[in-house]
Amino acid sequence: MQELSLFTPYQLGSIELRNRIIMAPLTRSRADEYNNPTDLMVKYYAQRASAGLIISEGIIVSPQGAAYPRVPGLFEDKQVSLWEKVTKAVHARGGKIFAQLWHVGRQSHSTVQPDRMPPLAPSPVPITGATYYRKPQRLPYETPRELTQQGIDSIKNDFREAAIRSFEAGFDGVELHGANGYLIDQFLNSSSNQRTDKYGGNIVNRARFLEELVDTIGASVGFDRVAVRISPSSTWMDAEDENKLALHTYVAEMLSRKNLAYLHVVEPGIAGSQSTDTSMESVPSSALREYFSGTLMSTGGHSYLSANKAIETGVADLVGFGRLFISNPDLPERLQAGAPLLEPRRTGFYSGGPDGYITYPFLEEQLKEESRTV
Ligand code: PHB
């Protein structure tokens, strides 16, 4: 039997991926001020279409679900045709793309909420030790308003409608952002969920919001086109649980029964968008493998060697790269050629226009440029 590698194609349900090198979701803040995708974004995603699969940056399902400026949305019909430009450009280059659907919950702030009220979350527990960022001033986090059942139902509906719009816009699937201390993760973790109703208390209850979301969206668009991302090891934004392993093995088993497109696991050593020390109490994807029978994606701090090893040994089926896809639009070709990789510059991560966004060169351009300057 031929050995598996990052370059072995992968059948993801009915979607054929040309390799197993996945572009991880990355907030880049290049939408317009009304959360509309821009032509700059079309170019950026088109440049990266050689990934086996692109997962879009977090797309807010409602204005209430946003924390940062210039993140794109799919809460209005007019955003469908703008996203369609992105999916068409990726498909025209033989690529595939999922939409990551996002609600930030308590990471938002009244200054960016449509009703100027504090953000909504499972429980009125603020994030500590950090400040609201990427606004002109750094404001302290606020105590969020506790979601009512009606509020929960309304958010589930926003996710469902955004999922339906995603397919109208030509996305190949949707990934629910259940990681990094955002709304779904706030329900999962005991530190942020102190509810006494059916959404709080034991693990089954804390995972109920995620389960209901998956069921609602799966029933509307097909379970095999729905994926979930989790970050079992991360404590970023106070996403703390009293028993991370028990929580996440339950989540993996519960999701396994849903026959999803894939389960996406953020590996230890990642705090949001940054590298961090590996937590003592880490839950890597390998610890969840036996609990999830479907396609498993591992993302976070991978090198070419660690990624290939994960595929070869069957620990993961697909491997995501985030920061390296920022600075290497043609990452698969570079890995295959053993070519040097460019390091990303953080200054262009979230701000501004084309610079540091669509200006990283393809290998051929880089070599031409280098031969001109020697
Ligand atoms: C970020 O904008 O830094 C960010 C967004 C979503 C994440 C993590 C980090 O899940």
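## Model and confidence

Residues are numbered from 1 along each chain as its sequence is written. The model is predicted, so local features need pLDDT of at least 70, side-chain atom pairs count only at pLDDT 80 or more, and totals for chains, interfaces and linings use all residues; side-chain values use heavy atoms, with hydrogens and water left out.

The pLDDT is the predictor's confidence in each residue, from 0 to 100. The protein chain averages 95, and 96% of the residues score at least 70. Among its elements, strand S5 (residues 97-102) has the highest mean pLDDT, 99. Strand S7 (residues 131-132) has the lowest, 68. Helices (H or I, at least four residues) and strands (E, at least two) are DSSP runs, numbered from the N terminus.

## Nonpolar cores

Buried means under 20% relative accessible area, exposed over 50%, and partly exposed in between (1.4 Å probe, protein chains only). A nonpolar core is a set of buried Ala, Val, Leu, Ile, Met, Phe, Trp, Tyr and Cys residues joined through side-chain atoms within 4.5 Å. In soluble globular proteins, nonpolar side chains tend to be buried together.

The largest nonpolar core has 80 residues. Tyr45, Leu101, Leu176 and Leu255 touch the most other members. A second, separate core has 13 residues, including Leu12, Ile22, Ile55 and Ala227. Contact means heavy atoms within 4.5 Å.

Helix H3 (residues 149-168) has 20 residues. From first C-alpha to last it reaches 29 Å, close to the expected 28 Å. The expected span is 1.5 Å times one less than the number of residues. Buried residues of H3 include Ile152, Asp158, Phe159 and Arg165. The buried residues pack against H2, S5, strand S10 (173-178), H4 and H6. Just after H3, Gly170 takes a positive phi of about 95°.

H6 has 14 residues and reaches 20 Å, close to the 20 Å expected. Among its buried residues are Phe209, Glu211, Leu213 and Val221. They pack against H3, S10, H4, H5, S11 and H7. Gly222 follows H6, and its phi is positive, near 100°. Helix H7 (residues 244-256) has 13 residues, so it should span 18 Å at 1.5 Å a residue; its end C-alpha atoms are 18 Å apart, which agrees. Ten of the 13 residues of H7 are buried, including His248, Tyr250 and Leu255.

## A buried serine

Ser62 is found in the loop between strand S4 (53-60) and helix H2 (77-92). Ser62 is buried because its relative accessible area is 7%.

## The largest pocket

A pocket is an open set of points on a 1 Å grid over the protein atoms alone, where a 1.4 Å probe fits, with protein on both sides within 12 Å along at least five of seven lines; lining residues have an atom within 4 Å of a point. The largest pocket holds about 590 Å³ of space. Its lining has 33 residues, and the closest to its centre are Pro25, Leu26, Arg229, Gly272 and Ser273. S4, S5, strand S16 (318-321) and helix H10 (323-327) each give two or more residues to the lining. H10 gives the most, with three.

Notes. Grid points are joined across faces, edges and corners, and a volume is the space filled by probe spheres set on the points.
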